[in-house]
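Subject: Structure handover

Hi,

Here is the structure for you to look at. My notes follow below it.

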Amino acid sequence: MSPQTTSQDLQTSDKPLGRDDLARMVAKDIAAGSFVNLGIGQPTLVSNYLLPEQNITLHTENGMLGMGPEAVGDEIDGDLINAGKIPVTELPGASYFHHADSFAIMRGGHLDICVLGAFQVSATGDLANWHTGAPDAIPAVGGAMDLATGAKDVFVMMTLLTRDGASKIVEACTYPLTGIGCVTRVYTDKAVFLTGPDGVSVRETFGCTLEELQDLVPVPLKAGPAVGL
Amino acid sequence: MLNFVDSVGEAVAGIEDGSTVMIGGFGNAGQPFELIDALMDCGATDLTVVNNNAGQGDQGLALLIKEGRVKKMICSFPRQSDSWHFDEKYKAGEIELELVPQGNLAERIRAAGAGIGGFFTPTGYGTMLAEGKETRIIDGRGQVFETPIHADVALIKALKADGKGNLVYRKTARNFGPIMAAAAKHTVVQVSEIVAAGGLDPENIVTPGIYVNSIVKVA
């Protein structure tokens, strides 16, 4: 936390970030040499922006490290799919293992980063991303709870607001929880938030000032250290 | 005791009504479609099925569910764009669902095969899937007690078997196969190829033959 940080310093873009720009930013923030699991949906976009020199190893929970890009044409092999059941490829140095080993990799804290989508994230990093709680919804959890509790860092990618304009960063989640206090960072179209036991700080904003952001988000926001400081 | 059988029908012949059946596969990868079809034909009903999903489209497990042969599903992800047969039975209250986080599902299956009476895991702590379960704080983290999942029969798919029943798999089709093979009293495997004992490198065996009871080659 830097006392001289101003709202001006935090704004790094004059407009909100699109999905691809956000994915590019997440990719850039992943430390070289990391082992990473990218969740289904928006987080999958991150793989498009990982650079070879980052030497990132991707894990897929259905039993593989060293997953390559989506398979096309002759590369498609029904025995080689990702957690979203999309055909993928293997990179040199890939390995396969059974499901219990795959989740031991996760639960055992061996993954550096997991990137997930979310319905809501609380001020202290609780995550809700598996179930709307609607009475007629068929519940399906998959690996969501395992991913949320296992990785050293859990990054969330989402739009800040719902279609109805409600903030997805909330004081306490109203949707059923996926994990408690697990999210460390939230990438949204309007800002990057750092979450933890001490509440929420803002690393940078896109197309709004910290004050304008605070008007949208119902939890107290602190200015984090500006980018590059 | 290990048997090599000539048909998938023979391979599933002993499955009784009311059995708990583990079925390997994640999506279509590693799913033993021919064995599931044989289970359909053999007529066994009132089954509890353990699988990651609850059937897709109009084939395999989805058809077993459609025909009302499954009384309970133990799985992590029943809802998919093409899981209409499960959806219909569930909404009609005609099938029971035990929803388990995927890693807990895998570890509960592994625990059964390894003779473990249960384990504490952080996954699910504080969520509705831990309601009613014993919890403890271990190493500063909330953890939930989970019990093993045993089965009467496992139906799995591997790439090759040797004459001793040792198995190797292919890519992400391995998924639940090795742990289900160990967790069931009777394990039935469909393979693409059977080689003589010694035809697989012992260093590369994934499932040792001790866990395997029936093997059938499926073209």
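**Ser167(A) and its surroundings**

Not counting residues up to four places away in sequence, Ser167(A) touches Leu160(A), Leu161(A), Leu216(A), Val217(A) and Pro218(A). Contact here means heavy atoms within 4.5 Å. Ser167(A) sits in the loop between β9 (153–157) and β10 (169–170) of chain A. Helices (H or I, at least four residues) and strands (E, at least two) are DSSP runs, numbered from the N terminus. Ser167(A) counts as buried because its relative accessibility is 11%; the cut-offs are under 20% relative accessible area for buried, over 50% for exposed and partly exposed in between (1.4 Å probe, protein chains only). Its side chain reaches the backbone oxygen of Ile169(A) at 2.7 Å.

**Ground rules**

This is a predicted model: local features need pLDDT of at least 70, side-chain atom pairs count only at pLDDT 80 or more, and totals for chains, interfaces and linings use all residues. Residues are numbered from 1 along each chain as its sequence is written, chains are lettered from A and ligands numbered from 1 in the order in which they are written, and side-chain values use heavy atoms, with hydrogens and water left out.

**The A–B interface**

Chain A puts 36 residues into the contact and chain B 43 residues. Together they bury about 3300 Å², 63% of it on carbon and sulfur atoms. That area is the accessible area (1.4 Å probe) that two parts lose on being put together, summed over both.

The rule finds three salt bridges across the interface (a side-chain nitrogen of Lys or Arg within 4 Å of a carboxyl oxygen of Asp or Glu). Asp77(A) and Arg170(B) form a salt bridge through their side chains, at 2.5 Å, N to O. On the chain A side, β5 (88–96), α3 (99–107) and α4 (144–150) each supply at least two residues that touch chain B. α3(A) gives the most, with four residues.

**Cores**

The largest nonpolar core has 36 residues. A core is a set of buried Ala, Val, Leu, Ile, Met, Phe, Trp, Tyr and Cys residues joined through side-chain atoms within 4.5 Å. Residues with the most contacts inside this core include Ile15(B), Leu39(B) and Phe86(B). Helix α2 (residues 33–42) of chain B provides its largest share, five residues. Leaving aside neighbours within four places in sequence, Ile15(B) is in contact with Val21(B), Leu39(B), Ala44(B), Val153(B) and Leu155(B). Another core, of 34 residues, lies apart from the largest one; Phe97(A) and Leu210(A) are among its members.

Best wishes

Key: Polar contact = N/O pair within 3.5 Å; in protein donor to acceptor, adjacent residues only side chain to side chain.
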